[in-house]
Amino acid sequence: MKTKITEMLGIEHPIIQGGMHYVGFAELAAAVSNAGGLGIITGLTQKTPADLANEIARCKDMTDKPIGVNVTFLPIVNTPDYPAIIKAIIKGGVKVVETAGNNPSKVLPYLKDAGIKVIHKCTSVRHALKAQSIGCDAASIDGFECGGHPGEDDIPNMILLPRAADELEIPFVSSGGQADGRSLVASLAMGAEGMNMGTRFIATKEAPVHENVKQAIVNASELDTRLVMRSLRNTERVMNNTAVENLLEKEKELGDKLTFEDIIEEVAGVYPRIMMEGDMDAGAWSCGMVAGLINDIPTVQELIDRIMLEADEIITDRLSGIVGRD
Ligand SMILES: Cc1cc2nc3c(=O)[nH]c(=O)nc-3n(C[C@H](O)[C@H](O)[C@H](O)COP(=O)(O)O)c2cc1C
């Protein structure tokens, strides 16, 4: 399949693996790139820029295909050394950067000078237009369904994608709620040039996380995520568990008086315990509603091949049949 995104990124299939904290390590990124998509290492999961440089090198040992790095700008307690992170990315010969969280204007000139394509992930048309105006090459449009931070507008992709298509000149991919060939064809129909997936890629053989995490996604339905931290304007869609229920109870009790300190136990530093040790009640971890569409743990290659085959069948058999052109 050839789209503006496959052409821009030099990849075979229009499928991107979004940055994921404590999931987007070299193993997963390389597996996605080797299967013809774009694999992305999560920059901030690496403790130092030197660690990120090592992770990039490790990934490049596992694939000679293009890889990306996610650089997230989020309100976190200790601001990371972004200039050094950008240097590690440029020196590592990375071809694509996925920015997210905040406007990447400060780092953009350095990335552009190095010939790196920048995809800005955002949750609204106005943020995508801003990304376009400052020179980002593409946008990743993260709908309300998404795992992680859906923003505060609550617009699902059925509306957000066609709205983006109406307004944007740069190419964009859908993100949030994407899982299979149906998702890909629907995304293309709504004007996207491909799709970005997070949660679906966690439930794969190569995702370097504890089996409990993969199984939790397979066991979950579309009803099993919750939104937390809304009153802090840092809304996150997470898998429900006992820690999340505690957190929601505190939110209900404290209302607008809630501060980050009140919920620190449920949200700060919990990822290693969940993703590495499989302690599924250790805290809140991002997960999309798309869990309801995930019923197996294939290899990344099997998943991507299946998506492309299904998309092809939908377009050439089902849809062509409907319009009578088969
Ligand atoms: C466990 C997990 C961790 C994530 N961590 C990040 C992150 O660090 N930075 C980021 O930009 N997006 C992060 N995301 C969001 C994904 O990159 C992607 O945008 C999102 O998962 C898409 O929605 P989906 O899960 O419905 O596919 C995370 C998502 C998950 C599920």
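**The sheet and its setting**

Mentor: In this predicted model, eight strands form an open sheet with parallel pairing, in the order β1-β8-β7-β6-β5-β4-β3-β2. The edges are held by β1 (15-17) and β2 (39-42), each of which pairs on one side only. From one strand to the next, the twist averages 30 degrees. In general, the strands of a sheet pair through backbone hydrogen bonds, in either a parallel or an antiparallel sense. Within this sheet, strand β4 (residues 96-100) runs parallel to strand β5 (residues 117-122), and five bridges join the pair. One of the residues involved is Ala100, whose bridge partner in β5 is Lys121.

The sheet belongs to a chain with 14 helices and 10 strands. Two of the helices, α2 (residues 26-34) and α3 (residues 49-62), pack at an angle of about 35 degrees, with their axes 9 Å apart. Their crossing is right-handed. On the α2 side, the contact involves Ala26, Ala29 and Ala30, which meet Glu55, Arg58, Cys59 and Met62 of α3. By type, the residues of this contact comprise five nonpolar, no polar and two charged.

Of the contacts between residues at least 6 apart in sequence, 63% join residues at least 24 apart.

Terms used:
Residues numbered from 1 in each chain as written. Predicted model: local features only at pLDDT ≥ 70, side-chain atom pairs only at ≥ 80, totals over all residues. Helix = DSSP H or I, 4+ residues; strand = E, 2+ residues; numbered from the N terminus. Contact = placed C-beta atoms within 7 Å. Axes fitted to C-alpha atoms, helices over the stretch in contact; angles between N-to-C directions. Left-handed = near helix turned anticlockwise from the far one by under 90°. Nonpolar A, V, L, I, M, F, W, Y, C, P; charged D, E, K, R; others polar. Pairing = 2+ DSSP bridges.
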